[in-house]
Amino acid sequence: MTDRPSTSISSRKSPKQARSADLISAVLEAAVQVLTSEGAQRFTTTRVAEKAGVSVGSLYQYFPNKAAILFRLQSDEWRQTSDLLRAILEDTGKPPPARLRALVHAFIRSECEEAAIRGALDDAAPLYRDAPEAREAKERGARTMQDFMREALPQQPDAKRILVADVITTTLSAVGKQFSSSPRAAEEIETYAEAVADMLCAYLKDLG
């Protein structure tokens with residue numbers, strides 16, 4: 001059985017009962033298992049339903065297609081990461097360089113801890129990356145970084161702050177993806193994150 005054709009990647013409805021919430025939780029847990037064990041190319045709603053022990057019809061009550069399941073996994077990961085990073089960047093009790101350093105450590109540690117599922121979701125990204133929901137999620141993260149830059153670089157013009165925010169986020173994304181592609185020990189992660197933090201904090205200091 002193939003996935004039903006649909007352009008939507010949003011869930012059909014939100015669970016209103018504990019039973020429905022349990023079904024969605026089972027589907028998402030099964031989706032992670034299918035995605036990490038079989039890859040994006042072999043990921044189907046049928047395989048997910050079988051792994052979750054539910055009917056495909058029950059699955060379709062909440063997810064119109066496999067892209068919707070994958071986007072839910074990705075959006076949950078984005079939300080968890082963005083909530084963590086936003087809490088760090090908005091901690092005004094610490095100076096901006098200290099917040100940036102903490103951000104780097106938290107981000108790289110998170111990349112390493114979730115490397116398997118992140119890699120699989122990257123492979124599946126063409127199914128949902130151009131959807132409006134995906135763009136909105138990324139834009140929220142960009143706004144958080146730009147708000148931080150207004151505080152960290154008050155003397156710089158908006159265009160410069162936007163550029164700096166993009167340089168930092170792009171650098172973190174690239175080095176995090178590359179570094180987490182191999183298993184890493186905790187000490188190795190700490191050492192690497194500190195080196196990246198030194199580099200980005202020096203960059204911010206020069207601009208400030």
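Student: Why is Val196 called buried?
Tutor: Buried means under 20% relative accessible area, exposed means over 50% and partly exposed lies in between, with a 1.4 Å probe and protein chains only; Val196 has a relative accessible area of 7%, so Val196 counts as buried. The model is a predicted one, in which local features need pLDDT of at least 70 and side-chain atom pairs count only at pLDDT 80 or more, while totals for chains, interfaces and linings use all residues. Residues are numbered from 1 along each chain as its sequence is written, and side-chain values use heavy atoms, with hydrogens and water left out.

Student: What does Val196 touch, not counting residues up to four places away in sequence?
Tutor: With contact taken as heavy atoms within 4.5 Å, Val196 touches Val104, Ile108, Leu172 and Val175 once residues up to four places away in sequence are set aside. Val196 itself is found in helix H9, where helices (DSSP runs of H or I, at least four residues) and strands (runs of E, at least two) are numbered from the N terminus.

Student: Is Leu172 buried or exposed, and what makes it so?
Tutor: Leu172, placed in helix H8, has a relative accessible area of 4% and is therefore buried. Leaving aside neighbours within four places in sequence, Leu172 is in contact with Leu103, Val104, Phe107, Val196 and Leu200. The C-alpha atoms of Leu172 and Val196 are separated by 8.3 Å, although the two residues lie 24 apart along the chain.

Student: Why is Gln155 called exposed?
Tutor: Gln155 has a relative accessible area of 73%, and because that value falls on the exposed side of the scale, the residue is called exposed. Gln155 is found in the loop between H7 and H8, and its C-alpha is 9.2 Å from that of Leu207, a residue 52 places away in sequence.

Student: How do you know that His105 is buried?
Tutor: The relative accessible area of His105 is 11%, which means that His105 is classed as buried. His105 is found in helix H5 and touches Glu190, Ala193 and Glu194, not counting residues up to four places away in sequence.

Student: What makes a set of residues a nonpolar core?
Tutor: The members must be buried Ala, Val, Leu, Ile, Met, Phe, Trp, Tyr or Cys residues, joined through side-chain atoms within 4.5 Å. In soluble globular proteins, nonpolar side chains tend to be buried together. Here the largest nonpolar core has 29 residues, and those with the most contacts inside it are Leu100, Ile108 and Met149. Two or more residues of this core come from each of helix H4 (66-89), helix H5 (96-113), helix H7 (132-152), helix H8 (158-179) and helix H9 (186-207). H9 supplies the largest share, eight residues. A second, separate core of 26 residues includes Phe43, Ala52, Phe63 and Leu73.

Student: How many helices and strands does the chain have?
Tutor: The chain has nine helices and zero strands, and of its 208 residues 42% count as buried.

Student: How do the residues of the lining of the largest pocket divide by class?
Tutor: Ala, Val, Leu, Ile, Met, Phe, Trp, Tyr, Cys and Pro count as nonpolar, Asp, Glu, Lys and Arg as charged, and the others, Gly among them, as polar; the lining of the largest pocket accordingly divides into 16 nonpolar, 13 polar and 13 charged residues.
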